[in-house]
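Subject: Handover of a structure for your review

Dear colleague,

Please find below the structure that I am passing on to you.

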Amino acid sequence: MSGAEFTGGKSGLLSDTLADAKAEGRAALIAYLPAGFPTVDGGIEAIKAVIDGGADIVEVGLPHSDPVLDGPVIQTADDIALRGGVRIADVMRTVREAFEATGKPILVMTYWNPIDRYGVERFTAELAEAGGAGCILPDLPVQESALWREHAQKHGLATVFVVAPSSKDARLAQITEAGSGFVYAASLMGVTGTRESVGAQAQELVERTRATGTGLPVCVGLGVSNATQAAEVAGFADGVIVGSAFVKRMLDAPDDAAGVEAVRELAGELAKGVRRQA
């Protein structure tokens, strides 16, 4: 590929999108959907639909056989994608087509092992070329991330680390200093999934993360499934991350077309929620 065709990573687009939402006095809506679910083409259509419905940013999940952070809903979707034969090339195609169709920031959320096997330089170069904005790496320890960050920075990709209520203050400071794009605050201990309440624990974590002096936006995930919860989280976070609720809508739909419409509708409801704020 010639230099003229090289698109480069879109970490700046990610930062601008979060800043624009803040300027509008609201939180950003960040949607998660796995690549290859229910099929590669179907997954791309679902991502376009959530953006059309009102999502500002999308995380594309790289399906993994042992997704330790993810609850049963996302595990089911990952299993469907893996049985369908999804590969890293399909993830890159998903990012490319979603970005080209929408112009919105598209990140990849992945465990470290697939990148390590694929090769850090190859993965970052291909993700940047596809127009990706960066990566969320839930199981990469910050102290072992120098190689990744070097290549990500070279290709204009954001490195989003995950913090949890169990993270000590010194650890939070280390993570916020090393990360870029935004900080992913896991609102609860445990795995992803919809919950009745996202609660005070999330707000405390956001406040502790901001207290490190980071200029990075802090976005909250794990548990948000409806507009009321989205409004609650939007009251104290810079972004509201929703995954399992979208995946569940698709799993529950009678067919793929109905699934696409269901996630478009949910995105619309959540987009109103982040604008309402509890």
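**Salt bridges**

Glu 261 and Arg 264 sit 3 residues apart in helix H12, and therefore about one helical turn separates them. Helices (H or I, at least four residues) and strands (E, at least two) are DSSP runs, numbered from the N terminus. The side chains of Glu 261 and Arg 264 meet in a salt bridge, with 2.9 Å from N to O. The term salt bridge denotes a side-chain nitrogen of Lys or Arg within 4 Å of a carboxyl oxygen of Asp or Glu. Glu 261 is partly exposed, at a relative accessible area of 43%, and Arg 264 is partly exposed at 26%. Here buried means under 20% relative accessible area, exposed over 50%, and partly exposed in between (1.4 Å probe, protein chains only).

Please note that this is a predicted model, in which local features need a pLDDT of at least 70 and side-chain atom pairs count only at pLDDT 80 or more, while totals for chains, interfaces and linings use all residues. Residues are numbered from 1 along each chain as its sequence is written, and side-chain values use heavy atoms, with hydrogens and water left out.

By the rule above, the count comes to 15 salt bridges. Helix H12 (residues 256–276) also holds Glu 269, whereas Arg 249 belongs to helix H11 (residues 244–252), so this pair ties together parts that are 20 residues apart in sequence. In the salt bridge between Glu 269 and Arg 249, the closest N and O atoms are 3.6 Å apart. Glu 269 is partly exposed at 30%, and Arg 249 is partly exposed at 29%.

Helix H3 (residues 72–83) contains both Asp 79 and Arg 83, which are 4 residues apart, about one turn of the helix. These residues form a salt bridge whose closest N and O atoms are 3.0 Å apart. Arg 83 is exposed, with 63% relative accessibility, and Asp 79 is partly exposed, with 37%.

**Strands around E7**

Strand E7 (residues 183–186) directs Val 183 and Ala 185 one way and Tyr 184 and Ala 186 the other way, and all are buried. Strand E6 (residues 162–163) runs parallel to E7 and is joined to it by 2 bridges; two strands pair if DSSP finds at least two bridges between them. Val 162 stands opposite Tyr 184 in E7. From E6 the chain passes through helix H8 (residues 169–178) to E7 in a right-handed β-α-β crossover, that is, with the strands pointing away from the viewer, the path from the first strand over the helix to the second runs clockwise. Strand E8 (residues 218–221) also runs parallel to E7, with 4 bridges joining the two. Ala 186 stands opposite Gly 221 in E8.

**Cysteines**

The whole structure was searched for disulfides (a pair of cysteine sulfur atoms within 2.5 Å), and 0 were found. Cys 135 is in no disulfide, and the nearest cysteine sulfur, in Cys 219, is 16 Å away. That distance is too far for a bond. Cys 135 is buried at 0% relative accessible area, and Cys 219 is buried at 0% as well.

**Confidence**

The chain averages a pLDDT (the predictor's confidence in each residue, from 0 to 100) of 91, and 91% of the residues score at least 70. Over residues 1–7 the pLDDT is below 50, and beyond near neighbours in sequence this stretch has 10 contacts in the model, a contact being heavy atoms within 4.5 Å. Where pLDDT is low, the predicted coordinates should not be read in detail.

Yours sincerely
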